[in-house]
Amino acid sequence: MFCEVYLLDTPYHIDRPFDYSCGASLTPGNIVRVPFGRAGGTRLGVAVKVKDECEIPEGVTLKSVSAVVSPIFTLTEEMLGLCRFLKEFTLCTFGEAVRTVLPPGALSESLNVRYRKTARLLLDREAVATLLTETGRRGIRSEGQRTALRFLMDLGAAEVDILKQLPGVTPAHISALRDKGVLAIDEDEEIRNPYADYARTRDTSEIVLSRAQMAAYETIDSLYSENEPRAALLYGITGSGKTKVIMKAIDRTIADGKSVIMLVPEISLTPQTVSIFCRRYGERVAVIHSSLSQGERLDAWRRIRRGDVDLVIGTRSAIFAPLDNIGMIVIDEEHEHTYKSESDPKYHARDIASYRCGKHKALMLLASATPAVESFYKAKTGAYTLVPLRERYGGARLPKAVIVDMREELRLGNPSPISQRLYNMLTDVKENENQAILFLNRRGYSSHISCKECGEVLECPRCSVSLTFHSHGGGAMLCHMCGYRMPTPRACPSCSAEALSFLGFGTQKLESEMSKYLPEMTLMRMDADTTQGKLAYDRMLDDFRAGRADILLGTQMVAKGHDFPRVTLVGVALADTSLHVTDFRAAERTFSLLTQVIGRAGRASEEGVAVIQTFQPNNETIRLACRQDYDSFYEGEIALRRELSYPPFCDMAQLTLTADDEAELSRAADTLSAMVKAKLDGEYANLPFVVYGPFEAQIYKLNEKYRMRMMVKCKLNARSRKMFSELLTEFAKDRKVTLAVDLNPLTV
Ligand code: ADP
Ligand code: ZN
């Protein structure tokens, strides 16, 4: 027999299947070790095809597969298909795709699998008693064996590890008993599941939906029942109870004997959701995310593969969970950027979900209060079914939002980052024994440091971004891109004047200003700096919910989906921070973030208020977010995208060149530009491409490497992908500069 094998670690330009001879037991999807190269070494690969015949060139002897490794991670037919899809769709290597669909560690030689052995008596009590009393050849004389037998007589079965601890009993005794046919040894894989505890406090109470929720559910249910690939967008305003509708749909799918994948943007940000789902679906849930240990992830994967799981909850990579018979894939908060992978394969979970739903004839259910513009467009144009949920659950009203003009505050001589209005409202919250959330999209103390004499701004020596001052631990300058850290200089490194000033403010400075102006209020700060450690984040949320602080202050961590019944006021310290980015999605991101934050206020019986501080009080995006008016935002945004030709009206491809050396980089940029031009003048002349650049990347220098880019507006299809694939292949010859292609990147 012969087989075709893709090597797992191979550069893109030579990534193709190689022929080997193999034994008859090999199946497609087997991970194999094969000889490769002249030096007699071996490499890992995956068999993608097994065949009876193979054309072998004259004078060549085909090498044969050395071994099959990790048989429990043999790829199924569907997974092989997924790998092919990933390779074609995102231009990665087959090996990168394989590593993505398998859990990390699956391919390591020392597999992290534990077994539990149980000795089980094959004879009944009487027969054992006879054995123990009988003398001569038919009886059992060895003291060790007799001890083990006496122990088993009462229990019927016991773990081998326990038997071995009995006085005088050795492993040899136990094997001897097995050989005599007295007992059998069962081997069970030991499976770690850190979420198993939730199953003990099961909550299977019936979900009673409101009328609006019921209507949404019924639409979803009828789509599901078509048993064809379908896609729906559950567009529900904040507080409308999307989770309950999703749960009902999951109940229904599982009752139908099918399985479900539910993706969430970040597990650590949704401890409540995870616990609710684990308690509802008990042992039949697997949770997959990157803070699990490697062993835990492997075990979760194996439970799924064995068919022990109906519902997989997880972050992006859980989209590859090896479930059979998928009935529905849910992507909660589908607009979140975490669904797009930034490293190869640069896939979007939505595309994978759509592919898998196609294979399984399943329903893809996207949910969001602020859908990605691309998704809403698909819903409006019929590719997805739009399932709107336009009222808040239980009659809760949308928060009232007020905009505060911070320029006016400055004019009135208020230097603090808290306006008079917000200050008064915070004081009221305290008086009424309610709670407030204060949001600022920037961590650290000050956003940059500059010299008042010469204007120098302190930059990271490894990146072209300014350093942020962090006040904790005696104070240090930190690069948010690469993590570089240095002590704060006394004087300007450029002109030596002792005139450094700290400009802009982050969460740390806001915290210290707040405690100055509102000393009677208890603050809790939540950002990447205060939530390190596995449970820090959960603990903070619990503490806040229990009322141990008046104000929760922090970065977008405070904005996401939490449900705090006592929060009646939400303040946005500065709404402008994400507006100035040149990215065409800046408005969309700002709108979504502000809507989420504002939606945190007044979710229970009390009406909430949101205060939005800004230097651009007339900005349309801010105004619409204050009204929670996604529809109008979308109308404006889609018109703009149509006019300027941005997604969804075209696709985009981002070509990034990276090099250690600036001169090499600029040479490579010329080469790439010429290559693209030649293709568009030649073979690909009829492709509707608009090419921009090469230009320096927004962050030109990142971690000691320089980067230049080209941006292409195009229509992605097999042909244009082929062209990008050729570019990657041709560019691979360059040893000093690397080219990466990101199709439909989320940040440009
Ligand atoms: P969303 O995610 O759409 O912003 P949530 O799912 O957080 O909204 O719902 C808001 C609040 O209303 C939550 O406390 C939730 O438990 C409650 N809720 C929503 N629907 C129901 C329902 N059908 N039955 C009971 N409580 C509900
Ligand atoms: Zn840096």
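A residue counts as buried when its relative accessible area is under 20%. Keep that cut-off in mind for the stops below. The model on screen is predicted.

**Stop 1: Glu 513**

Select Glu 513. It sits in helix 15, which spans residues 507-517. Is Glu 513 buried or exposed? Its relative accessibility is 11%, so Glu 513 counts as buried. Now show its neighbours. Leaving aside residues up to four places away in sequence, Glu 513 touches Ser 416 and Pro 417.

**Stop 2: the domains**

Next, colour the protein chain by domain. Domain 1 covers 2-101, domain 2 covers 123-181 and domain 3 covers 201-395. Domain 4 comes in two pieces, 400-444 and 510-641. Domain 5 runs over 446-504, and domain 6 over 651-743. Show domain 3 and domain 4 together. Their C-alpha centres lie 28 Å apart. Domain 3 gives 22 residues to the contact, and domain 4 gives 28 residues.

**Stop 3: strand 9**

Select residues 230-236, which make up strand 9. Why is strand 9 described as largely enclosed by the rest of the structure? Because six of its seven residues are buried.

For one pair to pick out, take Ala 231, whose bridge partner in strand 14 is Met 364.

Pick Tyr 235 here. Its bridge partner in strand 15 is Pro 388.

**Stop 4: Ile 56**

Jump to Ile 56. This residue lies in the loop that links strand 4 (42-51) to strand 5 (67-69). Ile 56 has 36% relative accessibility, so it counts as partly exposed. Which residues does Ile 56 touch, not counting residues up to four places away in sequence? They are Phe 2 and Leu 62.

**Stop 5: a surface patch**

Finish with Val 690, Tyr 692 and Phe 695. Show them as a surface. They form a nonpolar patch, with about 240 Å² of accessible area together. Zoom in on Phe 695. It belongs to strand 28, residues 690-702. With a relative accessible area of 33%, Phe 695 is partly exposed.

Conventions. Residues numbered from 1 in each chain as written. Chains lettered and ligands numbered in written order. Predicted model: local features only at pLDDT ≥ 70, side-chain atom pairs only at ≥ 80, totals over all residues. Heavy atoms only, no water. Helix = DSSP H or I, 4+ residues; strand = E, 2+ residues; numbered from the N terminus. Buried < 20%, exposed > 50% of the residue type's maximum accessible area, 1.4 Å probe, protein only. Contact = heavy atoms within 4.5 Å. Pairing = 2+ DSSP bridges. Patch = residues over 30% accessible without salt bridge, like charges linked within 9 Å, V, L, I, M, F, W, Y side chains within 5 Å. Areas by Shrake-Rupley, 256 points an atom, 1.4 Å probe, with all protein chains shown as cover. Salt bridge = Lys/Arg side-chain N within 4 Å of Asp/Glu carboxyl O. Domains from an automatic or database assignment.
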